[in-house]
Amino acid sequence: MATVTVTKNENIKNKTKEFQKAVIDKDLDVVLKNVKKIDNTCSFTKCKTRTSDFAITCKYCSGRFCTTHGLPEIHGCGDAVRKDEKQKFLHPGIKLSQEKHSQASTKLTMKLKQMELERKAKPSKSKKK
Ligand SMILES: [Zn+2]
Ligand SMILES: [Zn+2]
């Protein structure tokens, strides 16, 4: 019975340690991001181009890059892009519904324009008669 309680305590201890580690890692990330914000240079490690005037923000790593390193494939987010594209391929539902929606709205505007034209055309026709 006693050994059971010991192992349970050990598990709890390990979990708290893991949690603390995760918190520290997160804080470090935040600090690093803030540092990058302050120095206003390209997030690419070897690049010192200033990005205060113009920067490309990567949607995968949320880093700010100069025009040379703006592409995800160039600064090392190629894998993230491939994953994202794979997910879109596996779950195309969102994209499809968006396309359908835009198609429907264009159809609606086309119809409205047509109706407007018909309305304008009708009185001129009646005048001719
Ligand atoms: Zn990136
Ligand atoms: Zn750069």
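**Exercise 1.** Does G76 count as buried, partly exposed or exposed, and how many C-beta neighbours lie inside 10 Å?

Solution. The model is predicted.
- Step 1: locate the residue. G76 sits in the loop between α2 and α3.
- Step 2: take the neighbour count. G76 has 16 C-beta neighbours inside 10 Å.
- Step 3: apply the cut-offs. A residue is buried at 20 or more and exposed at 12 or fewer. G76 therefore counts as partly exposed, with its 16 neighbours.
- Step 4: The C-alpha atom of G76 is 8.9 Å from that of F44, and the two residues are 32 apart along the chain.

**Exercise 2.** Classify S62 by its exposure and describe its backbone.

Solution. 
- Step 1: S62 belongs to the loop between β1 (56–57) and β2 (64–65).
- Step 2: inside 10 Å, S62 has 10 C-beta neighbours, so S62 counts as exposed.
- Step 3: the phi angle of S62 is near 50°, which is positive although the residue is not glycine.

**Exercise 3.** Compare the span of helix α3 with its expected value, then state how far α3 is covered.

Solution. 
- Step 1: α3 covers residues 78–90, which is 13 residues.
- Step 2: the expected span at 1.5 Å a residue is 18 Å.
- Step 3: from the first C-alpha of α3 to the last, the model gives 18 Å, close to that expectation.
- Step 4: the count of buried residues in α3 is zero, and the helix is hardly covered.

**Exercise 4.** Describe the chain as a whole: its elements, burial and contacts.

Solution. 
- Step 1: the chain has four helices and two strands. From the N terminus on, their order is α-β-β-α-α-α.
- Step 2: the chain has 129 residues, of which 9% count as buried.
- Step 3: among contacts with a separation of 6 or more, 14% join residues 24 or more positions apart.

**Exercise 5.** Which elements have the lowest and the highest mean pLDDT, and what is the mean for the chain?

Solution. 
- Step 1: the chain has a mean pLDDT of 78, with 67% of its residues at 70 or more.
- Step 2: helix α1 (residues 2–39) has the lowest mean among the elements, 63. Helix α2 (residues 72–75) has the highest, 95.
- Step 3: where pLDDT is low, predicted coordinates should not be read in detail.

Technical notes
Residues are numbered from 1 along each chain as its sequence is written. Chains are lettered from A and ligands numbered from 1 in the order in which they are written. This is a predicted model: local features need pLDDT of at least 70, side-chain atom pairs count only at pLDDT 80 or more; totals for chains, interfaces and linings use all residues. pLDDT is the predictor's confidence in each residue, from 0 to 100. The expected span of a helix is 1.5 Å times one less than its number of residues. Two residues are in contact if their C-beta atoms, placed from the backbone, lie within 7 Å.
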